[in-house]
Every structure is written in C-alpha cells, then in structure tokens.
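Subject: Structure handover

Dear colleague,

I am passing on the structure below, together with an account of what I found when going through it. Please read the notes beside the model.

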Amino acid sequence: MTDFTDFDHHCMQRAFELASIAEEKGEVPVGSVLAKDGEVVAEGFNQPILNHDPTAHAEMIAIRAAGQELDNYRLVDTTLYVTLEPCAMCAMAMVHARVSRVVFATTDPRTGAAGSVLNILQSPSFNHQCVVQSGLLQEECSEQLKRFFRNKRASKGNK
C-alpha cells in the first residue's frame with residue numbers, strides 16, 4: 001500500500017468534490033486538482049458535453065488552467081490528482097507538460113493509460129516519465145462512477 005500525505009488526501013478529496021459537480025451537470029464524474037509546492041494551482045472537472053469539446057476532460061481543464069496560472073507550458077515539479085485513471089489523450093498531455101507525479105483514485109480497465117490498458121505516463125519511448133500512484137480514495141471514486149453509469153442505464157431503460 002502506498003503512503004499518501006495529508007495534502008494528498010486533501011487534494012484527492014477536492015478532486016472527488018469536483019467530480020460531484022460534473023455529475024450534477026450530467027457529465028461523467030471525474031475531477032482533477034493540480035498542485036505545486038504544497039498549494040493547489042488549478043482544478044478541473046469533466047465538461048466535454050457542456051463545452052461541446054471532446055478534449056474538455058478534468059485533467060485537460062486543470063492542465064490548461066495551471067499553465068495560465070504558472071505562466072508556463074511546462075508544469076515541472078507538479079502533482080496532478082484525478083479521480084479516474086487518465087485516458088491516452090490526458091496522459092500524453094501530462095507527459096508533454098512535464099507533470100512530475102500523477103495520483104489517481106481508481107483504474108479504468110477500458111481506456112486507462114497509466115497502466116490498465118496502456119502505460120503512456122511511464123513509457124521509456126518518451127523523453128519524460130511521471131511517477132504514478134493509485135488507490136487514494138479508490139472506493140469512493142469507484143462507487144461514484146458505478147452509481148453514475150447505473151443511473152444512466154436505468155434512465156435509458158425508462159425511455
């Protein structure tokens with residue numbers, strides 16, 4: 001079991017809260033927080049439906065906001081917290097941005113790119129690799145996603 005700090009718990013709890021906002025808006029409940037030097041720099045939650053933008057994943061929103069906040073396209077010495085294992089698009093953005101560490105709550109066995117299906121974040125093919133840790137708030141985040149999709153399937157059955 002990986003040891004996580006109080007700050008790690010704080011950031012993942014905030015990511016979970018952001019995922020709840022996405023869920024309230026009808027989006028897949030994924031939230032993300034990007035931190036540097038013990039401070040939250042940026043946040044995001046899934047918004048592809050709201051923004052009519054397939055790239056508006058929680059991680060992408062946080063990465064874009066962090067670039068603006070830090071006035072740099074390189075996010076060196078940062079940690080990105082996300083409630084669901086990143087997809088290939090988000091993982092590659094993290095590599096390009098030079099995010100140092102990625103902490104995700106629960107795996108995505110269909111499209112996960114941090115070890116489940118692919119491992120983009122630690123591929124020796126790229127000039128940057130991220131430290132990856134998982135399992136922080138895994139039960140809560142997994143249940144949130146399962147409930148969302150259960151409810152979505154149930155509402156389709158009622159139509």
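In what order do the five strands of the open sheet lie, and what is the pairing? The order is S2-S1-S3-S4-S5, and the pairing is mixed, where two strands count as paired if DSSP finds at least two bridges between them. Before going further, please note that this is a predicted model, in which local features need pLDDT of at least 70 and side-chain atom pairs count only at pLDDT 80 or more, while totals for chains, interfaces and linings use all residues. Residues are numbered from 1 along each chain as its sequence is written, and side-chain values use heavy atoms, with hydrogens and water left out.

The overall chain

The protein chain holds five helices and five strands, these being DSSP runs numbered from the N terminus (helices are H or I with at least four residues, strands are E with at least two). Along the sequence they follow the pattern α-β-β-α-α-β-α-β-β-α. The radius of gyration, taken over C-alpha atoms, is 15 Å, close to the 15 Å that the globule rule (2.2 Å times the number of residues to the power 0.38) gives for 159 residues, so the chain is as compact as a globular protein of that length. Buried residues, meaning those under 20% relative accessible area with a 1.4 Å probe and protein chains only, make up 47% of the 159 residues.

The edge strands are S2 and S5 (131–134), each of which pairs on one side only. S1 and S2 pair in the antiparallel sense over six bridges, and Lys-36 has Glu-39 in S2 as its bridge partner. S3 and S4, by contrast, run parallel and are joined by five bridges, with Val-82 standing opposite Phe-104 in S4. Six of the six residues of S4 are buried, so this strand is largely enclosed by the rest of the structure.

Helix H1 (residues 6–24) lies across S1, S2, S3 and S4 and runs at about 145° to S1, whereas helix H5 (residues 138–157) lies across S3 and S4 at about 60° to S4. For these angles, axes are lines fitted to C-alpha atoms, for helices over the stretch in contact, and the angles run from 0 to 180 degrees between N-to-C directions.

Helix H3

The 13 residues of H3 (residues 58–70) should span 18 Å at 1.5 Å a residue, and the end C-alpha atoms are 18 Å apart, which agrees; the expected span is 1.5 Å times one less than the number of residues. The buried residues of H3, among them Met-60, Ile-61 and Ile-63, pack against S1, S2, H2, S3 and H4. After H3 comes Asp-71, whose phi is positive, near 55°.

The cores

A nonpolar core is a set of buried Ala, Val, Leu, Ile, Met, Phe, Trp, Tyr and Cys residues joined through side-chain atoms within 4.5 Å. The largest has 28 residues, of which Leu-34, Ile-63, Leu-75, Leu-80, Met-94, Val-99 and Leu-121 touch the most other members. H4 gives the most to this core, with six residues. Leaving aside neighbours within four places in sequence, Leu-75 is in contact (heavy atoms within 4.5 Å) with residues including Leu-34, Ile-63 and Val-99. A second, separate core of 16 residues includes Ala-15, Phe-16, Leu-136 and Leu-137.

With best wishes

How values were computed: Buried < 20%, exposed > 50% of the residue type's maximum accessible area, 1.4 Å probe, protein only.
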